[in-house]
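Dear colleague,

Please find below the structure that I am handing over to you. My notes on what was found in it follow directly after.

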Amino acid sequence: MSAKLDYAAADDRVLVQVAQRGDVAAFEELVARHRDKVYSRAFSMLRHEQEALDVSQEAWIKAWQRLGQFQQESSFTTWVTRIVINLCLDQLRRRKRGQAESVEELEEESGGVERYLPVVVGNPSEGLERSELRKRIDEALGRLSVEHRTALVLLEFEELEYKEIAERMKCSLGTVMSRIFYARRKLAALLRDMKREDYQ
Amino acid sequence: MSTLIRPTFWAWVLLGLGWAGFDPVQAQEGEVDLLAQLVWATDGAKPTGKDLKEVDAATRDKLRGVFRWKGYFEIARKEFKVAATGMARVRMSSKCEIEVEQLGKETFEVKLFGEGKMVVKKRQTLQSGELLVLAGDDKNDTAWFVVIRLHKP
Amino acid sequence: MKELDHALKLQAYVDGELPDREARAMAESLKRDERQQALHDGLRSIKALLRDNELELPVPETREFYWSQIQRGIAAEPVQRASGAGLLSGWLRWLVPVGATALLCVYWLWPTAGRSGSASGLLVGHEIETPLAETTSFAFRSESAAMTVVWVETRGLHNLASGE
């Protein structure tokens, strides 16, 4: 193709349409634009830099292969983050198969100690720069169990409904609801503790 | 007699309202005014010996928003009308003609002819502010564009 | 247990997962119950906190290096043009030639279908015809420029602009 498109100026829809015709340069521009988002989403779920890198790159390869099927009914970022989410879930399943059930996992459905914690956040953003707050939330997310974190990431970042989360995590709707509930409780407690540490 | 009940006042009001509601694009029932520009794009300098002028800033900015050529020169600019369910054929250069047919409200069929042969036909809805661009490569990494839009003369 | 069920229902309300009627009833009951209201506020604030504060981490590799690995992957694996072709088995294999024949019949019998040479499939519903054998075209739309572009690729069609 020699239409000499200004890839940097073109919107995502145009780049997708042109990439669907096999223009790799247009696809590279899409990767450059959204690679941080895709990598971040993978890292949010996997909490491992190298795995997140590998999975995010695999997601882009899959996106290229399936680009012909993308009808632009959702935004390109939504579409590509769905791909990375599915790959992360596969990766987490592979990881789980290789590990024995931990005490933490056994306590998972019942909520463990989080069961007794109140959902009181206070104001964790008080006196914090936004970037600092984001780091803190990310750190707290990293301290949740895999199941709790995954449920929360799918709900809040990926904006999936309970039913979709249950399908992807291969569990019941009730389990999704309780995982989200206990995840929120623990997250609130972690953020509160971090804030308390600030004052000490 | 108060101003509000004077017949001449109401005559002016009605005339004003009529004028405000007048849309030059829809001068006759279903007839539309269109503008077509033949544009040549290049990365080089303006060719000497040719009477070329740069395309208007609005069109240039729109084209630059999508394409990477540096210069956009207007070769021809044609304003024309198309009646409801009518058709107009417009010569853009000695080699290039377009034929625009109005199929329905805001729906057009545009045919592009190169050296008398139909090169491409496209059906398109056009609303105010929308551009339909038919384009292709020209020699030495330059390109031609036929830019069509609704137009208020 | 009943308390947990109620908390989960309240959470479903916060997440917009309750049907309208139940959501209205929940809103009413919240007005009368301070303890539930406190839980509701806590859930809402943690939700808002997460929604607006996802950490965006930069990829810890240069653009070129990150892309080069993707590029290798793209080159190594074939593009899936049609879904499920590799999964066809048994009777499904028969369906392909039969279906193709049926489609060809429709193509030839339908008065206007499929007469468009190499029409682009990028903009569905915006018919493009390029009748010349040596010509192809594709169309795309830029929302930001409010512009639909039909790019024509043809051998021998030059100097349209200059008319030379």
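In what order do the elements of chain A run from the N terminus on? They run α-α-α-α-α-α-α-α-α, and chain A has nine helices and zero strands. Helices here are DSSP runs of H or I with at least four residues, strands are E runs of at least two, and both are numbered from the N terminus.

Please note that this is a predicted model, in which local features need pLDDT of at least 70 and side-chain atom pairs count only at pLDDT 80 or more, whereas totals for chains, interfaces and linings use all residues. Residues are numbered from 1 along each chain as its sequence is written, chains are lettered from A and ligands numbered from 1 in the order in which they are written, and side-chain values use heavy atoms, with hydrogens and water left out.

Of the 200 residues of chain A, 55% count as buried (under 20% relative accessible area with a 1.4 Å probe, protein chains only; exposed is over 50%, partly exposed in between). Among the contacts in chain A with a separation of 6 or more, 67% come from residues 24 or more positions apart; contact means heavy atoms within 4.5 Å.

Chain C and chain A

Chain C contributes 52 residues to this contact and chain A contributes 61. Together they bury about 5,600 Å², 61% of it on carbon and sulfur atoms (accessible area, 1.4 Å probe, lost on being put together and summed over both parts). C:Leu50, C:Glu54 and C:Tyr66 supply 13% of the area that chain C buries against chain A, more than any other three residues.

Seven salt bridges are found across this interface (a side-chain nitrogen of Lys or Arg within 4 Å of a carboxyl oxygen of Asp or Glu). One of them joins A:Arg184 to C:Asp15, with the closest N and O atoms 2.7 Å apart. On the side of chain C that touches chain A, helix 3 of chain C gives the most, with nine residues.

C:Val59 lies in the loop between helix 3 (34-51) and helix 4 (63-76) of chain C. Is C:Val59 buried or exposed? C:Val59 counts as buried because its relative accessibility is 6%. Apart from neighbours within four places in sequence, C:Val59 is in contact with A:Arg35, A:Asp36, A:Tyr39, A:Leu53 and C:Tyr66.

Chain A and chain B

Eight residues from chain A and nine from chain B take part in this contact. The two chains bury about 760 Å² between them, 46% of it on carbon and sulfur atoms. Two salt bridges are counted here, including that between the side chains of A:Lys4 and B:Asp43 (2.1 Å, N to O).

Sheets of chains B and C

An open sheet of seven strands has the order 2(B)-3(B)-1(B)-9(B)-8(B)-3(C)-2(C), with mixed pairing; two strands pair if DSSP finds at least two bridges between them. Strand 2 (53-54) of chain B and strand 2 (135-142) of chain C stand at the edges with a single partner strand each, so one side of each is left without a neighbour in the sheet. In chain B, strand 1 (residues 32-42) and strand 3 (residues 71-82) run antiparallel and are joined by eleven bridges. B:Asp33 stands opposite B:Lys81 in strand 3 of chain B.

A further open sheet, of five strands, has the order 4(B)-5(B)-6(B)-7(B)-1(C), with antiparallel pairing. Five bridges join strand 4 of chain B to strand 5 (residues 96-104) of chain B, where B:Arg91 stands opposite B:Glu97.

With kind regards
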